[in-house]
Amino acid sequence: MLFQELGRRLPLPPTRWLTILLILAVPAVSRADDIFDFHPVGEGVVAAIAKTHRPANGNAAIILLDDGVMVIDSGATPSSARALIAHIKKLTAKPVTYVVNTHFHWDHFWGNQAFLDEWPGVEIVASESARLDMQQLGLGSLQLRRWREEIPRLIETWKASLEKETDSVRREQMRQRIEQWRAALPELKTMRLALPTLTFTRRLIIRQTSRTVEILWLGRGHTAGDVVVYLPKERVIATGDLLAGDTPYVAEVAPTEWVRTLEELEKLDFDYVIPGHGEVMRGKELFALWKEYLRDLMAETAKAYAQGASSDGAKKRVVPWLVGKYASRFAEDFPAAVEGNVERVYGIISGD
Ligand SMILES: [Zn+2]
């Protein structure tokens, strides 16, 4: 998940609004249950589902091992990570021994440092390719520096949009986003980023008495270095953003490659999916929709390019078509997400 996606969340039920308003009224300390909903997904496996888009948090998962704990994705900030740590301590006295980063996007690895502070021996695991991207794009301070500078400016822009907005639900969402980002700014200014310490290219298998954990790179997709974490005995998989509860976000990989990777992923035997965003899913139903959408996105954008359309021209042609066909089958943020996707796919095709 990146910048453009920050506003992407389904409207919340009234009870949830009340919770959020109460949380915002007491901003001092973030508690685990403010940030994540925790759902057991089998024996010793817990999905941490991000509750709000307080700096666009990604989901995480907790897996108990023989003598330690594995965490999949570390949240978007150290305070998100500390919320995970607080919950882990309620579950077990075992230390976290592995933190897996599913890919290089900030909402999945910017919490790493908090785990190192708590358990200095923890191994941070990622694909070699994801580590390279974190180093060049994520860590290289570039992204973080950009955020430190851009967030105050963005908050001003959001405030201006809020003035013009008339829909009360949208207004509340916007107000909430502004407050959450404002509250996150001090943390963005002081946080340190930590890179993976253990990398691999295709698969890393951790065999323990209690369970086997397979960390797999099955091909390029949402990014070049996405990995999934697969528990064959428990029939559970954590997919990061390769398959999630929101709209596919094309970053730098052609959708055709992503479709191939989803096909590989589908071959694995699992019942439950813990996605990088959205709720825990049962079965493989969503795969068909994502593949269909990604194929159409690629084909229609390529057609527009071949017919000589500019990037804007392609957007004008392809976005309404995709929105017409898919908006009702994805989350309500779909139209906004599609525009960025067409633009980036056009960039990949044209080599710009
Ligand atoms: Zn994400």
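This is a predicted model: local features need pLDDT of at least 70, side-chain atom pairs count only at pLDDT 80 or more; totals for chains, interfaces and linings use all residues.
View 1. Of the 352 residues here, 54% count as buried. Take the contacts between residues at least 6 apart in sequence, and 70% of them join residues at least 24 apart.

**View 2. Helix 8, residues 168-190, from end to end.** Its 23 residues should span 33 Å at 1.5 Å a residue, and the end C-alpha atoms sit 35 Å apart, so the two values agree. At the start of the helix, aspartate 167 puts a side-chain oxygen within 3.2 Å of the backbone nitrogen of valine 169. Further along there's a kink of about 35 degrees at alanine 184, shortly before proline 186. Ala184 is also one of the buried residues of this helix, a list that includes Gln173, Arg177, Trp181, Leu185 and Leu188. For reading that list, recall that an α-helix has 3.6 residues a turn, so residues three or four places apart point the same way.

**View 3. Helix 11, residues 311-326, and its cover.** Here 16 residues at 1.5 Å each should give a span of 22 Å; the end C-alpha atoms are 21 Å apart, which agrees. This helix has a kink of about 25 degrees at valine 318, shortly before proline 320. Its buried residues are Ala314, Lys315, Val318, Val319, Leu322 and Tyr326. Among the elements covering them are helix 10 (285-306) and helix 12 (334-350).

**View 4. Aromatic pairs, picked from a count of 14.** Phenylalanine 115 and tryptophan 119 have ring centres 6.5 Å apart and planes at 25 degrees, so this pair is stacked. Phenylalanine 115 has 0% relative accessibility and counts as buried; tryptophan 119, at 13%, is buried as well. Tyrosine 326 and phenylalanine 330 make a tilted pair, 6.2 Å centre to centre with 55 degrees between the planes. Buried or exposed, tyrosine 326? With a relative accessible area of 0%, tyrosine 326 is buried, and phenylalanine 330 counts as buried at 12%.

**View 5. A cluster of tryptophans.** Trp106, Trp110, Trp158 and Trp181 form one aromatic cluster. Trp181 takes us back to helix 8, where it is among the buried residues.

Technical notes. Residues are numbered from 1 along each chain as its sequence is written. Side-chain values use heavy atoms; hydrogens and water are left out. Helices (H or I, at least four residues) and strands (E, at least two) are DSSP runs, numbered from the N terminus. The expected span of a helix is 1.5 Å times one less than its number of residues. The bend at a residue is the angle between axes fitted to the seven residues ending there and the seven starting there. Buried means under 20% relative accessible area, exposed over 50%, partly exposed in between (1.4 Å probe, protein chains only). A polar contact is a pair of N or O atoms within 3.5 Å; within protein, one must be able to donate a hydrogen and the other to accept it, and residues adjacent in sequence count only if both atoms are side-chain atoms. Contact means heavy atoms within 4.5 Å. Rings of Phe, Tyr and Trp (its six-membered ring) pair if their centres lie within 6.5 Å; planes under 30 degrees apart count as stacked, over 60 as edge-to-face and the rest as tilted.
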